[in-house]
Amino acid sequence: MPMTRDEIFAKVSDRLQDALGVDEDEVTPEATLTGDLGAESIDFLDIVFRLEKAFGIKIPRGELFPESLTAADSNFVQDGVVTEQGLAELRTKMPHADIDSFAEDPKVENIPELFTVNMIVNFLDARVNG
């Protein structure tokens, strides 16, 4: 039976509160994992593990949180800015993220802002409800 986005959000929120030690009111759809919720790289593995258990699915490594998005190909970044080719790659690897908003100021340093609670909900909605 399909899950609603609210049900998915509630489960995600619970897991993020447990994994990151944050309060319920801090976990909003727009909250960024690193900037707003204080996640560090090691936390991403824990978050994936908790989501797999909660939703009864397997999330292949790098699927939810792609690694080194910009290091793979020098054509993806020039002078600290993600190129059109890089944006196309992000859209391919992260269809669940808001790449259009990121494209308004596509600096490499802004990439962590793609990792929001809503991005996780979008990912899981697509996986669970197909």
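1. Helices here are DSSP runs of H or I with at least four residues, numbered from the N terminus, and the expected span is 1.5 Å times one less than the number of residues.

2. The model is predicted, so that local features need pLDDT of at least 70 and side-chain atom pairs count only at pLDDT 80 or more, while totals for chains, interfaces and linings use all residues. Residues are numbered from 1 along each chain as its sequence is written, and side-chain values use heavy atoms, with hydrogens and water left out.

3. The buried residues of helix 1 are I8, V12, S13, L16, Q17, A19 and L20, where buried means under 20% relative accessible area and exposed over 50%, with a 1.4 Å probe and protein chains only. They lie on the same side of helix 1 because they cover an arc of only 165 degrees around the axis, the arc being that of the directions from the helix axis to the C-beta atoms. D6 and D18, on the other side of helix 1, are exposed.

4. The cover over the buried residues of helix 1 includes helix 2 (41-55) and helix 5 (117-129). After helix 1 comes G21, with a positive phi near 65 degrees.

5. Helix 2, with 15 residues, reaches 22 Å from its first C-alpha to its last, close to the expected 21 Å. Its buried residues include F44, I47, V48 and L51, and their cover includes helix 1 and helix 5.

Key
Helix = DSSP H or I, 4+ residues; strand = E, 2+ residues; numbered from the N terminus. Contact = heavy atoms within 4.5 Å.
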